[in-house]
Amino acid sequence: MTEQPTPAGATPPIRIVVVDDHAIFRSGLKADLGAGIDVLGEAGTVEEAIAAVTALRPDVVLLDVHLPGGRGGGGREVIAGCAALLASTRFLALSVSDAAEDVVSVIRAGARGYVTKSISGEGITDAIRRVAGGDAVFSPRLAGFVLDAFGTAEVAVEDELDRLSARELEVMRLIARGYSYKEVAKELFISVKTVETHVSAVLRKLQLSSRHELTRWAADRRLL
Amino acid sequence: MAARLYRSSDRIIAGVCAGLAEHLGWNVGLVRAIMVASSFFFGAGIFLYAWFWVLVPVAGESPLGGAGTPSAAADAPSERRLKLFRPAAADGSGGPLPGAAGGGSGTGLGDAFGTGAAFGPGGPLAGRGGRRVALGVRELLAGAALLVAASLLLGNQFGLDLPLGTIIPLAVIGTGAVLAWMQLDETRRAGLLNVAGADKPWGVLRFIAGIALVVVGVLIIVAGSGSWELLAPAMLASLGVLAGVGLVLAPWALKFWRDLQQERAGRIREAERAEIGAHLHDSVLQTLALIQKRAGSPQDVTRLARAQERELREWIYQDAARSPGTLATAVKDVCAELEDLHGTAVEVVAVGDAVLTERSQPLVQATREAVLNAVRHAGTPVSVYLEARADAVEVFIKDRGPGFDTAAIAPDRLGIRESVVGRMARIGGSADIVSSASGTEVRLKLPADRNGPEKTGPEKANTEKANTEGTPQHD
């Protein structure tokens, strides 16, 4: 993990691979990316993606959740296929899907973040930098999913992985409200670095929590 | 026009009489009485009944391949909107969806084969209501049969020469056949492919009992003409023949069955495809055409694309949470409406949900005003976050516009002062507006209703004032 989370220019470019089955979207995305990001390659299917990532060893993989090929597992399968590289290569999930199952399954497979495809060029560049720096990237919607899954109130659960701390709850809530990390830091009077720590902790919980039914709440969201 | 002739699900034996009554517009009891009475004329009623049983389809089943399906297909879509990414919907064989799609796939193959129709619909809905009624009547029927048997025996005793040697085996065969055929109707109803495990043993037992009775009857006839010594070899021979026929027919029947299954699956897929195609045509293609026409106006294009995206998402993911009459749905609806009106993206994230009550209705209205304000003045995408907890419901509306001085809101700016702050105060909630150069956030909070009825008239002004002064600090 580098010390500067949002550096500009001076550092070596971040090497990425773009995985998406729509060529138009790939080229549009490449055009949108800011300076300091070097696109090493592209892939359109699960097999191509695994091959490209293994060969090119990028810093970050921009990964569509829904991909043809493989055994139908999409982005999840790509991450599973590159499991050995997870220490050096980070995955940022990119999707048009709003379905909680899609998002959470790819996060649980090992993705470091999730953004929707409607994100701005500036937003995606920032997200890539963040993920490359070892941090997690949460869109408002993902934060909403997390809050929905873990509950918005502090409840007594034996396993520490199964609940969010008060601070993490606050951070998630602000992200769900559309705050940037910087704004969250300002609002809570903490440093951006601390916000990143909290978000990474939440990501870890989302990935490791024994709440295997994490995706189920979408179906039976309780009414108050 | 008379109703089509179907066998009714409100049945005693096979629903023939009830179906006939419905068809003719007569009383069921009358039809049944006539049927029973005519049975005494050389069994005419019985033959008529058997005839109808074999040839008339059960209600809900189409008599000729596809003849009944159009109507079924027509009213089905509203019920079963496709859930593309929910595989569970695909294997509900026998459920309403495959039933409607596969309608009449098997019937054309002849009812004599019996199982043919079992692949068809027959909907699991049929036949539950009538069953309870039938139970009692069935016992009566059994009693009547016993009575007839007893009187026959009695007649025999008094020297009436009845060919018992013929009547008994025939009766046994008849009972066996009725049993077996009744079973078939039942499986038709449930859809042979997914008879619930609980029903199965009983059904199989009935079927076997029916066959056994028929075999015994045939044997008695055979043995009656010969001697009882022949019984054992005759039984063996008939079993041998049955086994042989079964052996020959089994692979053929299996293949037949598989083909039918395949065809049925194909039909379902086709129906799904057709539905998807129809939907895409009505929605996406139309929007694309509109977008091409409006290519000159980026705002129109964005608006159309957003609206279409929303509609498509809703269709594909069919949010289980999206039930009418909940707060989240209401908020999403007003945001969608404003998005359409102004062409600015409004992203809604909802956590938890609550029933939309009279008390929370103003919250939705206040949210609408706040979003409207943001859309009008900020010109940037707007984030709406709704959190419904047990103790309170909170809504946050955030934009990244230039912001404004909250203290300097002109008194005549009804939008904010009255529609947002005032509205929230009246229902015992609060509204804060935090604005800076980097954006504005409106925070609405409605605590759970603990003190019974909401605050009313006279207090209005006070609460509003209290709220604008002592703005509760968030976080």
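Where pLDDT is low, the predicted coordinates should not be read in detail.

**Confidence in chain A**

- Chain A has an average pLDDT of 79. In this chain, 83% of the residues score at least 70.
- Residues 1-9 of chain A have a pLDDT below 50. This stretch makes 10 contacts in the model beyond near neighbours in sequence.

**Confidence in chain B and the complex**

- Chain B has an average pLDDT of 69. Here 63% of the residues score at least 70.
- Residues 452-475 of chain B have a pLDDT below 50. Beyond near neighbours in sequence, the model shows 24 contacts for them.
- Residues 191-198 of chain B also stay under 50 in pLDDT. They have 10 contacts beyond four places in sequence.
- For the complex, the predictor reports an ipTM of 0.79 and a pTM of 0.55.

**How helices are described**

- Two packed helices are described by the angle between their axes and the distance between the axes.

**Helices α1 and α3 of chain B**

- Helix α1 covers residues 16-24 of chain B, and helix α3 covers residues 44-55 of chain B. Their axes come within 10 Å and cross at roughly 85 degrees.
- That angle makes α1(B) roughly perpendicular to α3(B), because angles of 65 to 115 degrees count that way.
- From α1(B), the residues in contact are V16(B), C17(B) and L20(B). They meet Y49(B), F52(B) and W53(B) of α3(B).
- This contact has six nonpolar residues, with no polar and no charged ones.

**Helices α1 and α2 of chain B**

- α1(B) also packs against helix α2, residues 28-38 of chain B. The angle is about 125 degrees and the axes are 8 Å apart.
- α1(B) and α2(B) are therefore oblique to each other.
- The crossing of α1(B) and α2(B) is right-handed.
- On the α1(B) side, V16(B), C17(B), A18(B), L20(B) and A21(B) take part. On the α2(B) side, the partners are V28(B), V31(B), R32(B) and M35(B).
- By class, the contact of α1(B) with α2(B) has eight nonpolar residues, no polar ones and one charged.

**Helices α12 and α13 of chain B**

- Helix α12 spans residues 327-342 of chain B, and helix α13 spans residues 361-377 of chain B. Their axes come within 10 Å and cross at roughly 30 degrees.
- α12(B) is therefore roughly parallel to α13(B), since angles under 35 degrees count as roughly parallel.
- The crossing of α12(B) and α13(B) is right-handed.
- Residues of α12(B) in this contact include L327(B), V331(B), V334(B), L338(B) and L341(B). Among those they meet in α13(B) are L363(B), V364(B), V371(B), L372(B) and V375(B).
- The contact of α12(B) with α13(B) has 12 nonpolar, two polar and three charged residues.

**Aromatic pairs**

- Over all chains, the count of aromatic pairs comes to two.
- One of them joins W252(B) and F256(B), and this pair is stacked. The centres lie 5.5 Å apart, with 15 degrees between the planes.
- Both residues, W252(B) and F256(B), sit in helix α10, residues 231-293 of chain B. They are four residues apart, about one turn of the helix.

Note on methods. Residues numbered from 1 in each chain as written. Chains lettered and ligands numbered in written order. Predicted model: local features only at pLDDT ≥ 70, side-chain atom pairs only at ≥ 80, totals over all residues. Heavy atoms only, no water. pLDDT = per-residue confidence, 0-100. Contact = heavy atoms within 4.5 Å. Axes fitted to C-alpha atoms, helices over the stretch in contact; angles between N-to-C directions. Helix = DSSP H or I, 4+ residues; strand = E, 2+ residues; numbered from the N terminus. Parallel < 35°, antiparallel > 145°, perpendicular 65-115°, else oblique. Left-handed = near helix turned anticlockwise from the far one by under 90°. Nonpolar A, V, L, I, M, F, W, Y, C, P; charged D, E, K, R; others polar. Phe/Tyr/Trp six-rings, centres within 6.5 Å; stacked < 30°, edge-to-face > 60°.
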